Amino acid sequence: MKLIIINGPNLNLLGKREPEVYGNKTFEDFFADLQFKFKAVQLEYFQSNIEGELIGKIQETGFSYDGIILNAAAYTHTSVGLGDAVKAVSTPVVEVHISNTHKREEYRHVSYISPGAKGVILGFGLQSYELAIKSFLAD
Ligand code: DQA
């Protein structure tokens, strides 16, 4: 099984960014844990702060990988282009968020990703990513 985690803007700062919301761990450390835990899964990771690069990665992987785990971060709430990319590809996309966006500001309650996503996992901290991997393995 080949899966990719695609992270959007500011998620490169995990560990130092608003630790009360996003925790103390860097994504690199967490990703190493995931690779160790899911040895049978070919797991890749891509992060960008640039909308077009995120769209490019969805297009590049979205016809050959078994799954995309997408945390589009702030672009979740603004990007028609990312939402269209998710709908355009044949690989199923699971949308994840570290925080429970529905408990936060109203502008975070809208997602342009959800209408094209296979499912949404949010509010479980970094464990949201792990649950997304498990959802693909359970299929
Ligand atoms: C986030 C939630 C978004 O609202 C925010 O802009 C992020 C991270 C999350 O994982 O909780 O950058 O996607």
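Author: Take burial to begin with: a residue is buried under 20% relative accessible area, exposed over 50%, and partly exposed in between, using a 1.4 Å probe and protein chains only. This is a predicted model, where local features need pLDDT of at least 70, side-chain atom pairs count only at pLDDT 80 or more, and totals for chains, interfaces and linings use all residues. Residues are numbered from 1 along each chain as its sequence is written, and side-chain values use heavy atoms, with hydrogens and water left out.

Reader: Is Lys57 buried or exposed?

Author: Lys57 is buried, at a relative accessible area of 15%. Its place is in helix 3; helices (H or I, at least four residues) and strands (E, at least two) are DSSP runs, numbered from the N terminus. Contact means heavy atoms within 4.5 Å. Leaving aside neighbours within four places in sequence, Lys57 is in contact with Ile4, Ile6 and Phe46.

Reader: Which residues of helix 3 are buried?

Author: In helix 3 (residues 51–61) they are Leu54, Ile55, Lys57, Ile58 and Thr61. Seen down the helix axis, these buried residues fall within an arc of 160°, so they line one face of helix 3. The arc is that of the directions from the helix axis to the C-beta atoms. The buried residues of helix 3 pack against strand 1 (2–7), strand 2 (42–47), strand 3 (67–71) and helix 4 (80–88).

Reader: How does helix 4 read, and which of its residues are buried?

Author: Leu82, Gly83, Ala85 and Val86 are buried in helix 4. Down the axis of helix 4, its buried residues fall within an arc of 160°, so they line one face. The face turned away from that buried side carries the exposed residues Lys87 and Ala88. As for partners, the buried residues of helix 4 pack against helix 3, strand 3 and strand 4 (93–97).

Reader: Where does Thr91 lie, and what does its side chain reach?

Author: Thr91 lies in the loop between helix 4 and strand 4. It is buried, with a relative accessible area of 4%. A polar contact is a pair of N or O atoms within 3.5 Å; within protein, one must be able to donate a hydrogen and the other to accept it, and residues adjacent in sequence count only if both atoms are side-chain atoms. The side chain of Thr91 reaches the backbone oxygen of Tyr65 at 2.8 Å. Leaving aside neighbours within four places in sequence, the contacts of Thr91 include Thr61, Phe63 and Gly67.

Reader: What does Gly67 touch?

Author: Not counting residues up to four places away in sequence, Gly67 touches Lys2, Leu3, Ile4, Thr91, Pro92 and Phe136. Gly67 lies in strand 3 and counts as buried at 0% relative accessibility.

Reader: Which residues are around the ligand?

Author: A residue is near a molecule or strand if one of its heavy atoms lies within 4 Å of it. The residues around the ligand are Arg17, Tyr22, Asn71, Ala73, Ala74, His77, His97, Ile98, Ser99, Thr101, Arg104 and Arg108.

Reader: How far are the polar side-chain atoms of Arg17, Asn71 and His77 from the ligand?

Author: A polar side-chain atom of Arg17 lies 3.0 Å from an oxygen atom of the ligand. For an N or O atom in the side chain of Asn71, the distance to a ligand oxygen atom is 2.8 Å; for His77 it is 2.7 Å. The protein covers 99% of the 320 Å² of accessible area that the ligand has on its own. Such areas come from the Shrake-Rupley method with a 1.4 Å probe; for residues, only the protein chains shown count as cover.
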